[in-house]
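Dear colleague,

Please find below the structure that I am handing over to you.

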Amino acid sequence: MAQTAFGSLSSQFMDPVHGGIGALQHELSCIDHELFQRLRFILQNDVAHFVFPGVSHTRFSHSLGVMHLAGRLYRVLIEQYLAEAEQDFHCSQEHLKAIYYIYCCFRLAALLHDTGHFPFSHEFERIDFIQDSLADSSLLKQFWGSDELSLRYLGKTSTNQVFAHEDYSLAIAYKILHKASASGDFPVEIDDVLALMENSCHASSPRWLQSSCLLYDIIQGKEGASAALEPDFVAGAIRKFFSLMISGEIDVDKMDYLLRDSYFSGAKYGLYNLDHLLSTLRVGINVHTGWVGLSVLEKGVPALEDFVYSRFQLYQNMWSHKAVVGAKVLLADALAESESEALLTEIRSYLSCSEKFCYFTDHYFLELFRKLALEKHQNATDSAEAR
């Protein structure tokens with residue numbers, strides 16, 4: 001494919017929700033990593049498939065979809081701002097480089113945002129004996145593999161802090177990006193991708209600062225618009241906006257899973273007008289108060305209301321379905337019943353080692369449940385024969 005301001009696509013994944021999902025070469029390097037491939041074996045909706053049989057899609061396909069929507073949102077924003085720019089505004093080569101740089105960072109952060117999910121996703125983190133392991137900061141520090149890296153990206157931790165999948169996503173994203181960038185032909189700074197992910201606490205790079213100022217000129221539609229502001233403010237505002245677009249009340253993560261869960265469940269509650277919504281979103285920055293957030297054009301309010309109501313409907317009719325809630329209770333009981341010192345030791349080894357974490361999937365516990373069920377059956381049979 002021809003080179004464009006948004007890069008040259010190297011490959012394409014066919015997706016039932018979005019159609020063709022294009023990927024850049026450096027994104028393929030991340031997708032091919034074993035820690036990302038692990039997401040093929042983590043279901044998006046833990047046990048909901050017991051009630052909605054079609055809901056067997058994975059975090060892998062969802063992550064590709066989120067990356068795709070991040071790219072779509074970004075491209076629409078750029079196209080709209082350039083179309084609305086002042087007539088004398090010139091989009092220079094430096095502006096184009098800035099567009100591409102932030103585009104790559106945003107898409108990579110969207111792609112990697114879920115890589116730290118544990119087996120059964122959110123349900124796993126709610127189990128009492130699992131929480132004890134997640135409260136042990138030494139495990140995550142070992143996972144990072146370096147005290148320096150842990151302190152840089154994780155920051156100082158409190159004694160009563162319980163870590164979550166977002167913390168592991170940050171560490172895994174670093175490992176994936178570090179390996180992908182080893183070839184030397186990588187378009188972004190790792191820190192700038194991680195800066196857009198949840199729970200990140202480190203500073204952005206000088207390259208992000210420069211690109212953000214150039215992007216702000218495009219947003220304002222005039223040359224040197226960022227010159228009147230502190231570069232650190234502009235860089236922080238752009239960083240915060242794209243962070244919110246990955247993890248906020250209205251973000252590309254939710255945009256994908258509403259459509260995806262609706263499609264695979266057969267329930268049509270999560271549908272909304274994606275094209276209309278994307279075309280009416282804008283970057284909201286108030287230089288006087290420091291507020292940064294998502295702005296919506298007046299004509300986009302109905303599409304936004306549709307999105308919010310669709311999310312409510314899917315929660316009400318699928319995720320909060322009484323049989324799904326019941327299945328979650330059974331899952332919690334099964335996990336609690338399987339608790340043992342040996343299991344805790346093994347889980348802690350997965351949570352402290354990225355090489356082992358690759359195999360920490362839904363299948364790990366399903367196999368454990370199968371073995372426990374067979375043992376119970378054998379014990380019952382032996383007892384019956386003894387009588």
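Helix H3 (residues 59-84) and helix H13 (residues 252-265) have axes that come within 8 Å and cross at roughly 125°. Angles of 65 to 115 degrees count as roughly perpendicular and those over 145 as roughly antiparallel, so H3 and H13 are oblique to each other. The crossing in which H3 passes H13 is right-handed.

On the side of H3, the residues that take part are Ser61, His62, Gly65, Val66, Leu69, Ala70 and Leu73. They meet Val252, Asp253, Met255, Asp256, Tyr257 and Arg260 of H13. By class, the contact of H3 with H13 comprises 7 nonpolar, 3 polar and 3 charged residues.

A second pair of helices is formed by H16 (residues 322-337) and H19 (residues 362-386), whose axes come within 11 Å and cross at roughly 70°. These two helices are therefore roughly perpendicular to each other. H16 contributes Leu331, Ala334, Leu335 and Glu337 to the contact, while H19 contributes Phe365, Phe369 and Lys376. The contact of H16 with H19 holds 5 nonpolar and 2 charged residues, and no polar ones.

I turn next to the strands. Strand E1 (residues 9-15) and strand E2 (residues 19-24) run antiparallel and are joined by 6 bridges. Together E1 and E2 make a hairpin, with 3 residues between them. Within this pairing, Leu9 has Leu24 of E2 as its bridge partner.

Strand E3 (residues 281-285) and strand E4 (residues 292-296) are likewise paired in the antiparallel sense, over 5 bridges. Here Ile285 stands opposite Val292 of E4. The hairpin of E3 and E4 has 6 residues between its strands, and Gly290 in this hairpin adopts a positive phi near 85°.

Finally, a word on the confidence of the prediction. The protein has a mean pLDDT of 93, and 98% of its residues reach 70 or more. Among its elements, the highest mean pLDDT, 98, belongs to helix H2 (residues 34-37), and the lowest, 87, to helix H8 (residues 147-154).

With kind regards

Key: Residues numbered from 1 in each chain as written. Predicted model: local features only at pLDDT ≥ 70, side-chain atom pairs only at ≥ 80, totals over all residues. Heavy atoms only, no water. Pairing = 2+ DSSP bridges. Helix = DSSP H or I, 4+ residues; strand = E, 2+ residues; numbered from the N terminus. pLDDT = per-residue confidence, 0-100. Axes fitted to C-alpha atoms, helices over the stretch in contact; angles between N-to-C directions. Parallel < 35°, antiparallel > 145°, perpendicular 65-115°, else oblique. Contact = heavy atoms within 4.5 Å. Nonpolar A, V, L, I, M, F, W, Y, C, P; charged D, E, K, R; others polar. Left-handed = near helix turned anticlockwise from the far one by under 90°.
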